[in-house]
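Here is a short briefing for a first look at a protein model. Take a moment with the sequence and the 3D view, then read on.

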Amino acid sequence: MNAPKTVAQSFIEALQRRGIEHVFANAGTDHAPLVEALSVMKRAGTAVPAFHVVPHENLAMAMAQGYYRVSKKPAVVLVHVAVGTANTVCSLMNAWRSNIPVLLVAGRNPSSETGHTGSRSVPIHWGQDVFDQGALVRQFTKWEQELRAYQSIDALVDRALVIAMSEPRGPVYLTLPRELLADPDRCEPIKPSAAPTIAPEPAHPPTAAIEELASMLASANRPLLVTSTVGVDSEAREILEALAERYALPVLQSWPFAVNIRSDHSMNLRSHAPDWLAAADVVLTVDAAVPWVPRRTSPSPDAAIIHLGVDPAYASYAYRDFRASRLIAGSSKAGLQMLADALDRLHIDQQRIDERRKRIAELMEKAAASRRSRIEKARREKPVNAGWTAHCINSVKSGNAVIVNELGVPFDLLEFSGDEVFFGETTAGALGTGLGVALGAKLADPSRTVICCVGDGSFMFGNPTPALLVSRVLGIPVLIVIANNGMWYAVEQSTLDIYPESKPDPASGLPLTRFGYSPDYAALAAACGAYGETVTDPEQVLAALQRGLARNGDGQAAVIDIVTAPGTR
Ligand SMILES: Cc1ncc(C[n+]2csc(CCOP(=O)(O)OP(=O)(O)O)c2C)c(N)n1
Ligand SMILES: [Mg+2]
């Protein structure tokens, strides 16, 4: 007689039915019923998602983010009880702040001492039992739940995914007790015809509010649009580009997480335009959690400020004082298109637009000249200047490359045609996500070149040994470029920023900023089966990147360790 189907099997079937392609797994004793279910299902030839062994949970969580960004599909991260959950939390904070849906699943260790197949069997089942496992992630997830007896695992998986995929998107957490996973599934099987999970449609902003916004922009002299993440949706980026071009509406990217506007666009102020921000009379922020840093520059108190986005109040941020004359809630993509249409219906003084276009063109030319001279200066600097690395990356990357940047190169020196995927830092600033993001992106679309630029600190935070192992085992080669300044420059920089009179020791810099030793990252790469190279000469950067990409073409990951000067980025 066949053994009855377990809840563990039903869980795996539910993932398969809902279109989950990848499970990034870091297993433990809590997963015994899942391991057995997978083994049974494999022998029976049942279709299941790809379960990948990922030897660090932070890496698994990062891979899910890169995978989602390229495929637009959520992945599952499977971890071991509270301890595995704890290891995901750093990268989970990034997923939370960048609205990336991930279904994080953890086992719960058995509660019973005897009497059940799943009952406790090793001493850790006492020690790993915690009072409130969900508390570990509750403030970084949209929803968290534990499977209870007689609940349908199908319904629970569905609910988790729908919540993760509804706007604003984000990670969710589901825990599965070992005894319940081992139980026979007593619930009615779901009808095979049931439709797969779909993301709920986001609400559109109200027409009246958009029309009012259009009139304000139509009569503005110095309007400004500020965004951080709108370009995560390439269609929204295209709408924004057309709107900005037509109405000479300059776009500032604050803490950019995506390509929000292509680099050669006539209205692209990149990430720094304090003068225009200070003088703007109408400021529209679109998907920008931190549109500016008030202690540096703010718009004038007389400026009209409008925030547009699915959650323009950013309810998940504890304190945030970017007061606005208007908050417009709704899909930013829909809102930008509605705004373009509303502006088209208005009678707008073309001369005013033309004059502004001229003023902005002059500003752009100055900024471009300053970037050119920065690159010319960087070209000769030794140790290598990361600005030169950015320039070399521009020349080697393909049009649809994925560029991940975690304190690797200056954003403003990267050039994007618009078809690339750019994955910047999130406002959570949890370092150690870059390597996994790059791997997840490559898994989602192996035809894309994936270049991951990281600081040496970020490289170490990113679990490099597990990352290179996963790259090799899954055949997902990426190019990792390290800006190796031997330190945490950000820490030194932030100290000097608020204590400008501070005096770093000429030999050792400020306390708590220098590593004191530089590991041989190229040798580390080689030890993990990747190609590794150390570069000290600026003239070698381009060729080294090309060699790395050639290795990628042969299926091997590459680590190009570029020695930069302490106190620079
Ligand atoms: C997980 C985590 N730990 C610590 C920090 C604090 N922190 C912010 S930037 C930074 C330095 C990162 O070093 P690196 O990647 O080498 O970049 P660099 O600043 O040297 O350019 C640190 C430690 C953080 N953001 N995230
Ligand atoms: Mg560093």
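In this briefing Ala, Val, Leu, Ile, Met, Phe, Trp, Tyr, Cys and Pro count as nonpolar, Asp, Glu, Lys and Arg as charged, and the others, Gly among them, as polar. With that sorting, the shell around ligand 1 has 10 nonpolar, six polar and two charged residues. This is a predicted model, where local features need pLDDT of at least 70, side-chain atom pairs count only at pLDDT 80 or more, and totals for chains, interfaces and linings use all residues. Residues are numbered from 1 along each chain as its sequence is written, while chains are lettered from A and ligands numbered from 1 in the order in which they are written.

**Around the ligand**

- Ligand 1 is surrounded by 18 residues, and the closest are Gly455, Gly457, Ser458, Tyr489 and Ala490; a residue counts as near if its C-beta atom, placed from the backbone, lies within 6 Å.
- Both α15 (456-461) and α17 (489-498) supply at least two residues of this shell, where helices (H or I, at least four residues) and strands (E, at least two) are DSSP runs, numbered from the N terminus.
- The largest share of the shell, four residues, comes from α15.

**The six-stranded sheet**

- Six strands make an open sheet with parallel pairing, in the order β2-β1-β3-β4-β6-β5; two strands pair if DSSP finds at least two bridges between them.
- At its edges are β2 (50-53) and β5 (144-146), each pairing on one side only.
- From one strand to the next, the twist averages 20°; axes are lines fitted to C-alpha atoms, for helices over the stretch in contact, and angles run from 0 to 180 degrees between N-to-C directions.
- The parallel pairing of β5 with β6 (residues 172-177) has three bridges, and Glu146 has Thr175 in β6 as its bridge partner.
- Helix α4 (residues 81-97) lies across β3 (75-79) and β4 (102-108), and runs at about 165° to β4.

**The five-stranded sheet**

- Another open sheet has five strands in the order β8-β7-β9-β10-β11, again with parallel pairing.
- The edges belong to β8 (251-253) and β11 (326-329), each with a single partner strand, so one side of each has no neighbour in the sheet.
- Five bridges join β7 (residues 223-227) and β9 (residues 282-286) in the parallel sense, and Leu224 stands opposite Val283 in β9.
- Helix α11 (residues 332-345) lies across β9, β10 (304-309) and β11, running at about 130° to β10.

**Helix pairs**

- Two packed helices are described by the angle between their axes and the distance between the axes.
- The axes of α1 (residues 7-17) and α2 (residues 32-43) come within 8 Å and cross at roughly 65°.
- These two helices, α1 and α2, are therefore roughly perpendicular to each other (angles under 35 degrees count as roughly parallel, over 145 as roughly antiparallel, 65 to 115 as roughly perpendicular and the rest as oblique).
- In their contact (C-beta atoms, placed from the backbone, within 7 Å), Ala8, Gln9 and Ile12 of α1 meet α2 residues including Pro33, Leu34 and Met41.
- The residues of this α1 and α2 contact divide into eight nonpolar, one polar and no charged.
- For α3 (residues 57-71) and α4, the axes come within 7 Å and cross at roughly 35°.
- The residues in the contact of α3 with α4 are five nonpolar, seven polar and one charged.

Technical notes
Contact = placed C-beta atoms within 7 Å.
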